[in-house]
Amino acid sequence: MSGGRPRSSVAAKAAALGAAAQKTGAPRMAPREVRIVGGAWKRSKLPVADKPGLRPTPDRVRETLFNWLGQDLAGWRVLDAFAGSGALGFEAASRGAAEVLLLERDAQLARSLQASATRLKAENLRVECADALSWMGRHTGAPRFELALLDPPFDLDLFLPALRAAAPLVVVGGFVYLEADQALALPPECGLEPWREGKAGAVKFQLLRRIG
């Protein structure tokens, strides 16, 4: 996650993802790397920068998401709007998406994402150093993505603004994925309907379908 605001703002997500560990007394240390769980680059590692609160979407959540979507995303165009470690976007690219765009505001993280793309020879993946909300607001023309991945910082209340910005970019019948620390009432103007939902610790994740 990132792309929307300075990295210090993601501390709340770190706390949410560590809730289960806190109950068991296990340490809540951030991982130094994350593995892609499926597709052509299965088991390939992505670095996780040593930045406060930066944690990738957990393996089991990503596995659940792509079970919902189907394992083969051939031909799909995908937007990972708050890329962070890139775990979600690289997962989509690994599963055959035709085009994956990662947006990341933090320049250091954007460089790391580009280095991973180069190492994996990910010709279907592009990294842009940009603020996610600003970028999406500038590209409100014809819908162009089959899937938008939204994992914004938890403590800046960006969930609904991110949904409103992303929905017009997704084709009818396409999907928007959202991670949050709270249940959300969908704004009717977004043209989205609930499709699937799950929970991992204090993190709620849901897949929404564009209906109009």
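Which residues do ring pairs link into a cluster? Select Trp 76, Phe 175 and Trp 195: ring pairs join these three. Rings of Phe, Tyr and Trp (its six-membered ring) pair if their centres lie within 6.5 Å.

Before going on, note that this is a predicted model, in which local features need pLDDT of at least 70, side-chain atom pairs count only at pLDDT 80 or more, and totals for chains, interfaces and linings use all residues. Residues are numbered from 1 along each chain as its sequence is written, and side-chain values use heavy atoms, with hydrogens and water left out.

**Next stop: Trp 41 and Phe 90.** The structure holds four aromatic pairs. In this one the ring centres are 6.4 Å apart and the planes stand at 55 degrees, so the pair is tilted (stacked is under 30 degrees, edge-to-face over 60, tilted the rest). Trp 41 sits in the loop between β1 (33–35) and β2 (45–47), and Phe 90 in helix α4, so the pair ties together parts 49 residues apart in sequence. Helices (H or I, at least four residues) and strands (E, at least two) are DSSP runs, numbered from the N terminus. Trp 41 is buried, at 13% relative accessible area. Phe 90 is buried too, at 0%. Buried means under 20%, exposed over 50%, partly exposed in between (1.4 Å probe, protein chains only).

**Last stop: α3 against α4.** Select residues 59–69 for α3 and 87–94 for α4. Show Arg 62, Leu 65 and Phe 66 of α3, then Ala 87, Leu 88, Glu 91 and Ala 92 of α4: these make the contact between the helices (heavy atoms within 4.5 Å).

Methods:
Axes are lines fitted to C-alpha atoms, for helices over the stretch in contact, and angles run from 0 to 180 degrees between N-to-C directions.
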